Amino acid sequence: MHAQEDISPREATIAAEKVINSIRSNKYTTLAELLVLRIQYLDLVGKSDLKPDEKIKIFNTLGFSFHAEGIPSESIRCYKMLLAEYQAWKSEHPSADSNEFLPDRTFAYAIISRSFAKFNQLDSANIYLQKAISISEASETIYYPSALNNYGLLLSSYEEEMDSALYYFRKAFEITQNNFPDHSLLGSIRDNLADNYLEKGDLNQARALYLENFDYFRSQRSDSGEIEDLTRMVSAGIQLINTDLSLNAPARARNNLEILEASIVNQKLSAESEIDFFNLKHRMFELDKQLDSAYIFAQKVLFLKDSVNRVNTEKTKANSFALNDIVMERVNLSHQMEQNQKANQLKTQRFITGIVILSAIVIITLIYFLYQRRNQHLKNLENERLITDQAWHLEKLKSAQLKSEIDSKQRDLSDFAINLSHNYQWARELYEKFQKINLTKGRGRAKLLLELEEDIRKKIDFNSDTEDFFNRLDLLNDAFYKKLNDNFPNLSKTEKRLCSLIRLKLESQQIANFQNITLASVNTARYRLRKKLGLDESVNLDDFILHL
């Protein structure tokens, strides 16, 4: 996971594909390892160059899996990444349909709200469900009554505001019944309404809704005749029978129990449904004074509860271990990054100090050298003046000789001044680069430091290395130069060297670097060489020289 902190979007996409392939091929031995792989996959997808719709789909799938496995913190992170990805996409497509990705967004708000509610952060849970209602209200889709239903659940389950919850359940039921009468959401809303009435003591209202749900889910069957939502059918039947018993209608309860038992023959119930059903059977046998049978079902309930608790405990423990490992790895990574940053800052400060000291030494040396040279020049002039006074008869000859020497010295001084100016300009550029490095962070700073090091190295080595290179080039191309002299006697030494460099198959930019000139100057030199060689525009200069 350390490498993920500094990875390109393309690399992240490739790495994410490898992780998901490991998950699909079951390359893990424990639930903890699977959880680590999923979190790695989430981090990599967030950094990848996948399209927004692909990322949103992945975030939705991972978020729900974390939610189903009881890891609300990672579920919240998934869905917040989904919403952030949508906002980024929306900013790039301001004129897009407002209903784009609406199912994913409303579902994200709903799951985030449930996760916050588990943490007892009810204000945050309330805010996210209000957002779900807001974005779906004008859509005229099923997602609006679904958001209202979820808000009613929050009010009734966590905030115990039963009257307010009833308002939202009724509103959701009305909209769904009028606009989506065949949608399964009606069953959920009826169940929530019935629970609300039951909590308020209105047993008859609750029973009517439980009965309607029981009949509804029993009627919803697949092509093979099986009940499509067995869990909810069993739940509705059990709630109906318990309500009948609360209404002191045991005969009606037994009749409905027979219908329920007939409906689940040869059906595989979930552990939770089995526990609820065995509890109901235990209650019915107790009512009928069949204590032995009641005891058997009580034992079954205890056994199933122990099994479910054991599985949940192991799952929770595995998730806890995995999360602890991930948290510790992230803490260690953060500490390592902090240490690396401090070390890099110290190296940078030392490097800058070294460069400043080196520059100061160079400048002081140049000034001292110039001063000494000037003093020596003045001494020479004084000596020459004395010699002139002593040998006046050679004045004209000596004057001419002195003028020649002065001219030579002035040229040297001019060359030195130009060189000093170049060094000053280079030192100023060096200072500006330091300023730029100080303002740059992260990988950009490392890149600028490498460029600076390369500039210094080139400055030091360029003249001697280049001269040595051209001496060897001239030596090895003696026969080639002779052929050029024979065929093209008007070529200059520089043009002959250009021919040698082209013969080495060097690019124009490489030639420019060797000769310490610009690329434009190289192109101009090539153009002049073509003219002197008398080449037609259709003839390739490089091919012509290679075949000489």
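Visitor: What makes Arg77 and Glu74 a salt bridge?
Guide: Their closest N and O atoms are 3.0 Å apart, and a salt bridge needs a side-chain nitrogen of Lys or Arg within 4 Å of a carboxyl oxygen of Asp or Glu, so the pair counts. This is a predicted model, where local features need pLDDT of at least 70 and side-chain atom pairs count only at pLDDT 80 or more, while totals for chains, interfaces and linings use all residues. Residues are numbered from 1 along each chain as its sequence is written, and side-chain values use heavy atoms, leaving out hydrogens and water.

Visitor: Why is Glu74 called buried?
Guide: Its relative accessible area is 7%, and buried means under 20%, exposed over 50%, partly exposed in between (1.4 Å probe, protein chains only). Arg77, with 23%, is therefore partly exposed.

Visitor: How do you know that Arg526 and Asp542 form a salt bridge?
Guide: Their closest N and O atoms are 2.9 Å apart, within the cut-off of 4 Å. Arg526 is buried at 18% relative accessible area, whereas Asp542 is partly exposed at 26%.

Visitor: What joins Asp43, Glu74 and Arg77 into one network?
Guide: Salt bridges that share partners do.

Visitor: Why is the aromatic pair of Phe64 and Phe107 called tilted?
Guide: Rings of Phe, Tyr and Trp (its six-membered ring) pair if their centres lie within 6.5 Å; planes under 30 degrees apart count as stacked, over 60 as edge-to-face and the rest as tilted. Phe64 and Phe107 are 5.8 Å centre to centre with 45 degrees between the planes, so they pair, and the pair is tilted.
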